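Here is a short briefing for anyone meeting this structure for the first time.

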Amino acid sequence: MAYAAIRTLIQKLSSQPDLHAALRLAPDGTVLGRFYEFELASGFQPVIRIDTRAVAGYDAYARSHATDGDVISPWGLFSRAADDATLVRLDRLCRLVHTLNYFSKSDAAHPLYLRVHGRLLAAITQDHGLAFRRMIEALGIPPARIVLQLPAEAARDVLLAGMILGNYRKAGFQSGVHANNAVEAQSLLHLHAPDVIKLDLRTVADPERELPALLETAAGLSCQVVFKHVEDEASLARLAGLGAQYAQGYLFGVPSAALAPPLNRSPG
């Protein structure tokens, strides 16, 4: 995606201004979002294949600070959205900033993982993902290159999650869910058969007991299980021994504006 397309989009949005949300192109080509008195930027952390350490995708993280320079966490920023309409604008702005920053890079060859805020899911009654699909298709980005991820609290609502994930698939996106633990992950696999499921490794007390059945179920459903918060070589080796295929965490780098590849280190 060329910067000319980004400039055209920003000009188009500027012609129909939202007093509280906007985009701007920084001198270095980075797309920044403005939401009230806060500025939004992107950080990307690699999702890697455990066996080869090759990049399998990038997970997007919001970075935000106030105009006076004070840093604010994404959680803190979203908590300031007092009503659903404001939160919907903020969530869509974050996803658009990440999408533009990622796909404008020449080395953006892998899927982009984007989170969707739980409150947005309840605020929109139908056609989840449709407005976002129209926007990215106008930029020439195939929806299949994006994984839209539901938070764990939304994924537990069987009817809501089933409808939303169905909408995402209908719109052409890959579907993802987060799970709070291995038991919940197993249940979500059977209920929703997502393309991707994310599981925090810190919640797995006994990997040898908890993970084999989960990984077997996921393989049968062609679901990618990504273990988050993999921070050391011992944890990575343990996952590899169980047949896990995907991981992300500080072992492979902190979220960065650049698409930094994971460290190609060998155990020991």
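Eleven salt bridges are counted here, a salt bridge being a side-chain nitrogen of Lys or Arg within 4 Å of a carboxyl oxygen of Asp or Glu. Side chains of opposite charge can pair when their charged atoms come close. This is a predicted model, in which local features need pLDDT of at least 70 and side-chain atom pairs count only at pLDDT 80 or more, while totals for chains, interfaces and linings use all residues. Residues are numbered from 1 along each chain as its sequence is written, and side-chain values use heavy atoms, leaving out hydrogens and water.

**Salt bridges**

- E233 and R53 pair through their side chains, with N to O at 2.6 Å.
- E233 sits in helix 10 (residues 233-242) and R53 in the loop between strand 3 (38-49) and strand 4 (55-66), so this pair ties together parts 180 residues apart in sequence. Helices (H or I, at least four residues) and strands (E, at least two) are DSSP runs, numbered from the N terminus.
- D59 and K198 form another salt bridge, their closest N and O atoms being 2.6 Å apart. D59 belongs to strand 4 and K198 to strand 9 (residues 196-200), so the pair links parts 139 residues apart in sequence.
- Both D59 and K198 are buried, where buried means under 20% relative accessible area, exposed over 50% and partly exposed in between (1.4 Å probe, protein chains only).
- R95 and D91 meet at 2.8 Å, N to O; they are four residues apart in helix 3, about one helical turn.
- Shared partners join D59, R115 and K198 into one salt-bridge network.

**Nonpolar cores**

- The largest nonpolar core has 67 residues, of which I197, L211, F227 and V230 touch the most other members. Helix 3 (residues 84-103) gives the most to this core, with eight residues.
- Such a core is a set of buried Ala, Val, Leu, Ile, Met, Phe, Trp, Tyr and Cys residues joined through side-chain atoms within 4.5 Å.

**Cysteines**

- The structure holds zero disulfides, meaning pairs of cysteine sulfur atoms within 2.5 Å.
- C94 is buried at 8% relative accessible area, and C223 is buried at 9%.

**A look at E210**

- E210 is found in helix 9 (residues 207-220) and counts as buried at 18% relative accessibility.
- The E210 side chain reaches the backbone nitrogen of D206 at 2.8 Å.

Methods. Polar contact = N/O pair within 3.5 Å; in protein donor to acceptor, adjacent residues only side chain to side chain.
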